[in-house]
Amino acid sequence: MTNPPPLPARHPPTSETPPITLSPEIHTYLSSISSGVRLLPPAKLHELSLPPYNNKFLSYISSSASNACAPTEPIDLNYPLNNYFVNSSHNTYLTGNQLYSISSTDAYKHVLLCGCRCIEIDVWDGEQHRSNSEQDGEEKKHRFRPHMPGRLGSHGPFKRFQKEGQKESDAEEVITALENKLDDLSLPTPWTSASTESRVEPRVLHGYTLTKEVPFRDVCMAIRDAAFVTSDLPIVVSLEVHASAPQQDMMVEIMTEVWKPFLVTPAASECKTLPSPASLRNKILIKVKYVDPQKAALEAQSAPIEKTSSGSASASEEELDIPEPAAPELKQKQKKRSSITPALSAMGIYTRAYHFSSLNAPEASIPNHVFSLSEKKIMEIHRSATGPSLFTHNMHYLMRVFPSGMRVRSDNLDPAVFWRKGVQFVALNWQRWDEGTMLNEGMFVGSKGYVLKPAGYRGDGGEAGGKEGGEADVVKSQATAIEHKTLDLSIEVLAAQDITLPLGDTRRDSFHPYVKIELHVEKPAERTGAPIEGGGRAKEGEYKWRGRTVRVASAGTGVDFGGENVAWRGIEGVVEELAFIRFKIQDDKIGKDTLAAWACIRLDRLRSGYRFVHLRDGAGVESKGRLLVGIQKSVV
């Protein structure tokens, strides 16, 4: 089997920053600043660096205290779960794009070790292994995608291949060409459980695509091994179940066996208030569609569930993001979908998934319900008459948002837009670094995957008391729940050291860096219900600045940016805890400029004064790179 490509690198969160070793360029620059004279003759600079040397400013700037990002402060973990933003992943099993990348258990270990606390598993029926001699013609062609429908071009992401007015045969030619190309890859045949030759267990993959699967049991074991290494706070496992009833019984058996010490014990009575993260340390919560056991028993007596083939069962139409099929045979298949079994449904204790119909529906006031909606659906609610009640709902109850199924390159939505709606689980595609994942890093860096919402965004009291869960009697909106302030911000870009080259580049003499700074703040349309520019899509910040391009000496790693200054004055409607500033160092190229290094800092953690911005490289790995800036910030 072909080894999966490396995942976008992230390091587990650290609480302290090691002291900085200054490069000669930075040393001399800071010497001139601390002496009160920016430009000094070489002889004077030489004198400043001679021992005995006792420069308090240089001692400060060389220490961890000079980090532009303030360290995380301990948070109160005794509020109910709905009062936290939770670091979340979408289609966690994938290592690349959403169409034909490899599924891997390493992807689960990777995100969990990096602080993710909400992961997703898409589960489908396993298939009996067949030898290559038994596969010929059409069977061999489809050996790695039995979960796909016959009319490929009418489903999911593949619908994009068929333009308006294009014949179906033309679209099928595009699909066939893609399939022929994929035939050259080393794709796995369906697998069987290692436990017994005859037993076939469920598998994990992205339905209606060419992605390659991984055993469900292996995924559960990987989660168990990495779940609580870097954080002891609870994990939410979001199950998207497309498996038949017998395979669901196997899922229950496997999860009970592998996760037994970590599973939550069912409460003696119905949940009235969600528990706190502190009370759920080292626990795994399962989010799965809720089925009333009494209704399920009655339905089983009156109309036995029909046996369904692999891939025809679905527990979440929202997650599939598939349009209603027009073909009669596909409609017939949809009618034969199996429901979630009572045994599997019972594993969802504090995170019961319900199909969303309305924020006024009875299930919308059940304390332990979770709605899982696409970014498009939330934008529709935002523009509707019930838009303000979306924020109120999320003060008291759980909600998850996931990227559109059309994001086949694993790009992302803008998480800040949805955090400002109070959504707890903003699931992102961790398979690539883009604006969305950079903002996510800025939100959760240094945390253990849980960030307490700002005071106006909370619905339930902690240990000190407050409102009990399950009652949304006070209607608040995004506009009125918290004070929006005015920001004045200026940044002087001074110098940098140890800047990494763009990924794949090796020649420093052709590296022409410049600094780009973006400020991501709340748009007025987010508060008024007007259409939001970009519809929640991740993009550049609302306020942007680009510095001049400089040349770098081939033998050095330091850069003098000359003290360029950017200032934004009188920016209104700012909530510091939900606003971000992003620093990017890019290589000035002919065509599209490439990313060399970056950092993202939440505005409430951005510290004033002369500071070092700690940079990551283009793959998201923490580097030795530092950007020296002078920051003046006022929020009133």
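Which residues of helix α13 (residues 375-383) are buried?

1. In this predicted model, the buried residues of α13 are Glu-375, Ile-378, Met-379, Ile-381 and His-382. Viewed along the axis of α13, they fall within an arc of 160°, so they line one face of the helix. As background, an α-helix has 3.6 residues a turn, so residues three or four places apart point the same way.

2. The partners of that buried set are both strands and helices. The buried residues of α13 pack against strands β8 (369-374) and β9 (398-402), and against helices α14 (387-396), α15 (415-419) and α17 (524-528).

3. The largest nonpolar core contains 80 residues. Ile-121, Leu-239, Met-255, Trp-259 and Leu-344 have the most contacts inside this core. Helix α8 (residues 245-259) supplies the largest share of the core, 6 residues.

4. Leaving aside residues up to four places away in sequence, Met-255 touches Phe-216, Cys-220, Leu-239, Lys-260, Leu-263, Ile-286, Leu-344 and Met-347.

5. The structure holds 0 disulfides. A disulfide needs two cysteine sulfur atoms within 2.5 Å. The closest cysteine sulfur to that of Cys-116 belongs to Cys-118, 6.7 Å away, which is too far for a bond. For Cys-600 the closest cysteine sulfur is in Cys-69, at 9.2 Å, again too far for a bond.

6. Both of these cysteines are buried: Cys-116 has a relative accessible area of 0%, and Cys-600 has a relative accessibility of 9%.

Note on methods:
Residues numbered from 1 in each chain as written. Predicted model: local features only at pLDDT ≥ 70, side-chain atom pairs only at ≥ 80, totals over all residues. Heavy atoms only, no water. Buried < 20%, exposed > 50% of the residue type's maximum accessible area, 1.4 Å probe, protein only. Helix = DSSP H or I, 4+ residues; strand = E, 2+ residues; numbered from the N terminus. Arc of directions from axis to C-beta. Contact = heavy atoms within 4.5 Å. Core = buried A, V, L, I, M, F, W, Y, C linked by side-chain atoms within 4.5 Å.
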